Amino acid sequence: MARQKGIIKLKGTMGDITFYRSKDGYMAREKGGITAERMQNDPRFQRTRENMAEFGRAGKAGKVLRASIQNLLRTSADRRMVSRLTKEMVKVIQLDAINPRGLRNVIDGEAELLQGFEFNIHGKLEHSLSAPFTATLDRITGDAVIEVEPFIPTDSLGAPSGSTHYKLASAAMDINFESGTFVSEKNSTPILPIDTVMTTAVQLNNNLPENSVNPLFLVFGISFYQEVNGTFYELKNGVYNALQIVSVSGTP
């Protein structure tokens, strides 16, 4: 590479020379790299092509999963969630023991690896809600249920400063990663006060198709609100809102 000199600084490509700006100033270097044709056909890049195919498949799978709960992710996802989810999807695909490298997929992989995935790494569920709960995912009946034991909000919620209320939410998803389609159902509590009164037991029911042959997912989370003159405003700083994949049932 070479440093650009002179009054006029260039950025872009001219012929075989690429001009760019770095922390060291304006630089120039000869255009290089592997051509697309060589990447697609050279036997020496077979492994690279296989990895690229599976990475692309992981990205598409993550996109479908996100689409199935898009409204919940609006305030419960960190900026690097997409890349983190893709990374986990790659791990799922790599455990496909049926198909050859390059053709492995999520359906034949181990979708259960996604259990425990936090969509907001800055607001983990265990930090925002310490009350005991159980997650049930029944493939035969299609029932997907979250049951939360009674708790005192001021003791069991890691609520952000200024919040006065909260809401618990769940969603169940039946996802066909091969076709890119899904069935999902969401349920939530009303907006509830953060006070010292013991709650009643909470049950969030979601219904999926019976006897499905697709991977099933159950997510559970919490979001916080501030009441001002009778109006509830959702806190959108993204630090405390939590959403986690709490149960997964891979293909039968």
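**View 1. Contacts of Leu 65.** Leaving aside neighbours within four places in sequence, Leu 65 is in contact (heavy atoms within 4.5 Å) with Leu 85, Met 89, Leu 114, Phe 119, Met 173, Ile 175 and Phe 217. The model is predicted: local features need pLDDT of at least 70 and side-chain atom pairs count only at pLDDT 80 or more, while totals for chains, interfaces and linings use all residues. Residues are numbered from 1 along each chain as its sequence is written, and side-chain values use heavy atoms, with hydrogens and water left out.

**View 2. The largest nonpolar core.** A nonpolar core is a set of buried Ala, Val, Leu, Ile, Met, Phe, Trp, Tyr and Cys residues joined through side-chain atoms within 4.5 Å. Buried means under 20% relative accessible area, exposed over 50% and partly exposed in between (1.4 Å probe, protein chains only). The largest core has 27 residues, and those with the most contacts inside it are Leu 65, Ile 69, Phe 119, Phe 217 and Val 219. Two or more residues each come from α2 (46-68), α3 (70-73), α4 (81-94), β7, β11 and β13 (242-249). The largest share, five residues, is given by α4. Helices (H or I, at least four residues) and strands (E, at least two) are DSSP runs, numbered from the N terminus. Another core, of 23 residues, lies apart from this one and includes Ala 144, Ile 146, Val 148 and Leu 218.

**View 3. Strand β7 and its partners.** Of the twelve residues in β7 (residues 165-176), ten are buried. Two strands pair if DSSP finds at least two bridges between them. Strand β11 (residues 216-228) pairs with β7 in the antiparallel sense over ten bridges, and Phe 224 in β11 is the bridge partner of Tyr 166. Strand β9 (residues 192-193) is also antiparallel to β7, over two bridges; here His 165 has Pro 193 as its bridge partner.

**View 4. The β7-β8 hairpin.** β7 and strand β8 (residues 181-188) run antiparallel and are joined by eight bridges. Ala 171 stands opposite Lys 186 in β8. Four residues lie between the two strands of this hairpin, and Gly 180 in the turn has a positive phi of about 75°.

**View 5. The Phe 151 and Tyr 166 rings.** The structure holds four aromatic pairs. Rings of Phe, Tyr and Trp (its six-membered ring) pair if their centres lie within 6.5 Å; planes under 30 degrees apart count as stacked, over 60 as edge-to-face and the rest as tilted. The Phe 151 and Tyr 166 pair is tilted, because the ring planes are at 50°, with the centres 6.2 Å apart. Phe 151 lies in the loop between β6 (143-148) and α6 (153-156), and Tyr 166 in strand β7, 15 residues apart. Both Phe 151 and Tyr 166 are buried.
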